[in-house]
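Here is a short report on one protein model. Look at the sequence and the structure first, then read on.

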Amino acid sequence: MHAAPLHERLRAGERGWCLRANGLCARQGLRVFFGATSRMGDGPFWYGLMATLLLADGRAGLTASLHLAATGAIALLVYKLLKHWTRRPRPFASDVRIRAWVAPLDEFSFPSGHTLHAVAFTLVALAHYPALAWLLIPFSASVAASRVVLGLHYPSDVLTATAIGSGLAALSLWLVPGVSLFT
């Protein structure tokens with residue numbers, strides 16, 4: 001008897017992770033938490049952060065906010081190109097046992113735009129304001145987790161988005177003189 005090909009075993013395993021994570025939202029408290037986190041990750045949290053930086057730190061806040069906005073614009077372009085190119089169905093669309101606990105913003109799952117932006121924004125923001133790590137790292141991790149828990153993304157969508165967001169942030173930080181995560 002032959003084992004299933006590796007890609008089929010990986011896909012089945014990933015569906016299993018999605019199904020287990022998605023079951024967490026059967027608990028109303030977790031459903032509310034992850035739903036709210038996901039919606040804040042749509043943009044309101046990041047726009048609020050940029051406004052707060054501007055109001056609290058003047059010119060330095062404006063510089064950081066413009067850096068975040070530019071990084072976000074490039075991240076959006078990369079995200080849209082990948083979504084259009086890959087057209088991977090969302091977990092809830094591929095497995096009737098997985099429920100979409102919130103409405104998706106679009107039809108396809110790869111990569112997670114929420115995660116891509118959260119990671120890129122977090123890394124760029126931390127280069128400007130390292131003291132915000134206590135807030136930004138848990139929020140970004142919660143956004144990433146929410147996408148799988150809510151039935152909207154596979155773990156590989158989130159992991160790949162984390163890598164892409166990290167790469168975009170690194171490129172952005174490399175291009176802007178005087179800003180670094182490691183100073």
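The largest pocket of this predicted model has a volume of about 460 Å³. Its lining is made up of 26 residues, and those closest to the pocket centre are D42, L76, Y79, G113 and H117. Two elements each give two or more residues to this lining: α3 (44–86) and α5 (113–128). The largest share comes from α3, with 12 residues.

How do α3 and α5 sit relative to each other? Their axes come within 9 Å and cross at roughly 140°. Angles over 145 degrees would count as roughly antiparallel. The angle here is roughly 140°, and α3 and α5 are therefore oblique to each other. Their crossing is right-handed.

Next come the residues that meet. On the α3 side, they include W46, L49, H67, L68 and T71. On the α5 side, they include L116, F121, V124 and H128.

Which classes of residue make up the pocket lining and the helix contact? The table sets them out.

| Region | Nonpolar | Polar | Charged |
|---|---|---|---|
| Lining of the largest pocket | 11 nonpolar residues | eight polar residues | seven charged residues |
| Contact of α3 with α5 | 13 nonpolar residues | eight polar residues | no charged residues |

The pocket lining has seven charged residues, whereas the contact of α3 with α5 has none.

How values were computed. Residues are numbered from 1 along each chain as its sequence is written. This is a predicted model: local features need pLDDT of at least 70, side-chain atom pairs count only at pLDDT 80 or more; totals for chains, interfaces and linings use all residues. Side-chain values use heavy atoms; hydrogens and water are left out. On a 1 Å grid over the protein atoms alone, a cavity is a set of points where a 1.4 Å probe fits but cannot get out, and a pocket is an open set with protein on both sides within 12 Å along at least five of seven lines; lining residues have an atom within 4 Å of a point. Grid points are joined across faces, edges and corners, and a volume is the space filled by probe spheres set on the points. Helices (H or I, at least four residues) and strands (E, at least two) are DSSP runs, numbered from the N terminus. Ala, Val, Leu, Ile, Met, Phe, Trp, Tyr, Cys and Pro count as nonpolar, Asp, Glu, Lys and Arg as charged, and the others, Gly among them, as polar. Axes are lines fitted to C-alpha atoms, for helices over the stretch in contact, and angles run from 0 to 180 degrees between N-to-C directions. Angles under 35 degrees count as roughly parallel, over 145 as roughly antiparallel, 65 to 115 as roughly perpendicular and the rest as oblique. A crossing is left-handed if the near helix is turned anticlockwise from the far one by less than a right angle, and right-handed if clockwise. Contact means heavy atoms within 4.5 Å.
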